[in-house]
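Subject: Handing over the structure

Dear colleague,

I am passing on the structure below, together with an account of what was found in it. Please keep it open beside this message while you read.

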Amino acid sequence: MAAPVVERLEARVSELAGAPAQLERPKDSSHGDFATSVALRTAKAAGRAPRALAAELVERLLALDEVESADVAGPGFVNVRLADPFFVAALGEMGEGYGGSWAAQPERVQVEMVSANPTGPIVVSAGRNGAFGDCVARLLSFGGHTVEREYYYNDAGAQIDRFRASVEALRRGEPVPEDGYRGDYVAQLATEEGDPVPRMLASIEQTMERFRIHFDGWSLQSELERRLGEFLPRLDTYERDGALWARSSAYGDEQDWVLVRSPDKGGAPTYRAADVVYLVDKLERGFDRAIYVLGADHHATARWYAAIARMLGYDADRVEVLLYQFVHLTSAGESAKASKRAGNVVFLDELMDEIGVDAARWYLVNRGPDQTIDIDLDLASEKSAKNPVYYVQYAHARIAAILRNAGASPELVLSQHKLVGEEKELIKRLSDFPVTVREAADRRGPQLIPAYAIRLADEFHRFYHECRVLGDPAEEFRLALCRATQRVIARCLDLVGVEAPDRM
RNA sequence: GCGCCCGUAGCUCAGCGGAAGAGCGGCGGCCUUCUAAGCCGUUGGUCGGGGGUUCGAAUCCCUCCGGGCGCACCA
């Protein structure tokens, strides 16, 4: 999980400690390059004082070639400082594909995301859905899984009917119905011919491509509903009040849900009926794992999906629901209630117009999915200029400038010079990458990537300031360090869907 | 009432059992040298309150307070 050279060292330390030891990066680098709390963890079982155990470990560690110094700190931490060859070896392992392909058993994964009704353009909240889902997809893909992105859209049902009715009303020169959709885009569609739904969908796809999300597949609710007949017999259902219910409460859900409405409610299947068909469709299409990316208001549906998976005899662990909190829009501190129907929303395209695609993607994935996002529209453009994404991109561009000026040179990293602090710190930060990216993927927490990228850029800018690359006796070593840094920065940026510019 | 999420620096937020952090803001420095969208210094916190578990808790458990969102034969 860690960089291989760190893993090897970890194994040696574990051996010497007589127990599994984890090497941690102290927050304060004056404590050392790495630290381990293994003495604290094992002291009780060993019936020894933690500091005494730690002192013994220090003695043994000092015998290792790669250890420059080691000492006991605090209640029993062991701080270790490593010799130059360790850093040189670490850098040597940071080639193409560094940090990726960790999956021992690669899976076929489907990430279904955005899936907004095609009743209007994609709003910022749906953009967050996409930014989150797409980053998870990129992380899994980097780990070695095969990932497909899919958009599920409701092309039938009450909302769509209202949407069509709104457009048609305008075409007839009548006002939009009370419960209809307003907004400039509705008026625009009214001036065009034909069904507004496919047009809306095409425009959504365009927005998503601009946002750098490419969908491999599009599923229609109406098509799935048509296959409902083959699945109903496989479900545990019953009739009540004229409607057909799924007995989901018997499979872990909190309640039962209507699959087919009663005749006096129109007798049509609910979206939950389509859910069932879609879930089976996903699993039968050969995906080992089906990931749903849903807004926090859908938190209850996680249980529903798990329940129908069990009801149909599938392993519920193959179904995963990722939730994210909403994006609240404020204007000069006043909160603006967002409603697509009312037309007072901010579209993702508008946000991209305002702050650019890079800043928009970074902004929407920068914070954990459990955190609500408030966007103050009046501050959006001002904030964009200070977006940390540029700080990271700038590091990439600076490296590109050095490499442009350097001309051809081998990937050789051997160095005879005495490493300076900035070089070591940068290499240590690079050695964190495999752990970080893996954790981001496992936890479905893409926000870890921007946070890491900022720290990495930080180390690079410091290195750049202190260490001359071109013309220095250590030029080749430093060029190798630059190349490794550039690769990792570019990878981080790619993982969050942001471009890595060579010039700024 | 029940369920999910959140409460960490002036602001926006990372941190998910090991030694309290970043960005922005404030104050003060650094451009004849590979990009100053940069670097350095400084300012700044009872991690919402209270209990508990642990050698160790912002982190896990309980509880209270405050906020967001759900609890449809809408999607």
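The elements that give two or more residues to the surface near RNA strand B are helices H2 (38-46), H6 (158-171), H16 (388-406) and H18 (448-466), along with strands S3 (77-82) and S8 (243-246). Helix H16 supplies the largest share of that surface, with 9 residues.

Taken as a whole, 64 residues surround RNA strand B, and the closest are Lys 44, Asn 79, Arg 261, Tyr 271 and Tyr 394. When this surface is sorted by class, it has 24 nonpolar, 20 polar and 20 charged residues. Which parts of the RNA supply the atoms within 4 Å of the protein? Sugar or phosphate accounts for 63% of them, and the rest belong to bases.

One open sheet has 3 strands in the order S1-S3-S2, with antiparallel pairing. Its edge strands are S1 (34-36) and S2, each of which pairs on one side only, and the twist from one strand to the next averages 20 degrees. Strand S1 is joined to S3 by 3 bridges, and Phe 34 has Val 80 in S3 as its bridge partner. Between S2 (residues 67-73) and S3 there are 6 bridges, with Val 67 partnered by Leu 82 in S3. Strands S2 and S3 form a hairpin with 3 residues between them, and Gly 74 in the turn has a positive phi of about 55 degrees. Helix H3 (residues 50-61) lies across S1, S2 and S3, running at about 175 degrees to S2.

The other open sheet also has 3 strands, here in the order S7-S8-S9, and the pairing is antiparallel. Strands S7 (237-240) and S9 (257-260) stand at the edges with a single partner strand each, so one side of each is left without a neighbour in the sheet. Neighbouring strands of this sheet are turned by 45 degrees against each other on average, direction ignored. Strands S7 and S8 are joined by 4 bridges, and Arg 240 has Ala 243 in S8 as its bridge partner.

Finally, a word on confidence. The model scores ipTM 0.93 and pTM 0.94, while chain A averages a pLDDT of 89, with 93% of the residues scoring at least 70. Within chain A, confidence is highest in strand S4 (residues 108-112), at a mean of 97, and lowest in strand S13 (residues 334-336), at 48. Over residues 332-339 the pLDDT stays under 50, and for this stretch the model has 13 contacts beyond four places in sequence. Where pLDDT is low, the predicted coordinates should not be read in detail.

With best wishes

How values were computed: Residues numbered from 1 in each chain as written. Chains lettered and ligands numbered in written order. Predicted model: local features only at pLDDT ≥ 70, side-chain atom pairs only at ≥ 80, totals over all residues. Heavy atoms only, no water. Near = heavy atom within 4 Å. Nonpolar A, V, L, I, M, F, W, Y, C, P; charged D, E, K, R; others polar. pLDDT = per-residue confidence, 0-100. Contact = heavy atoms within 4.5 Å. Pairing = 2+ DSSP bridges. Axes fitted to C-alpha atoms, helices over the stretch in contact; angles between N-to-C directions.
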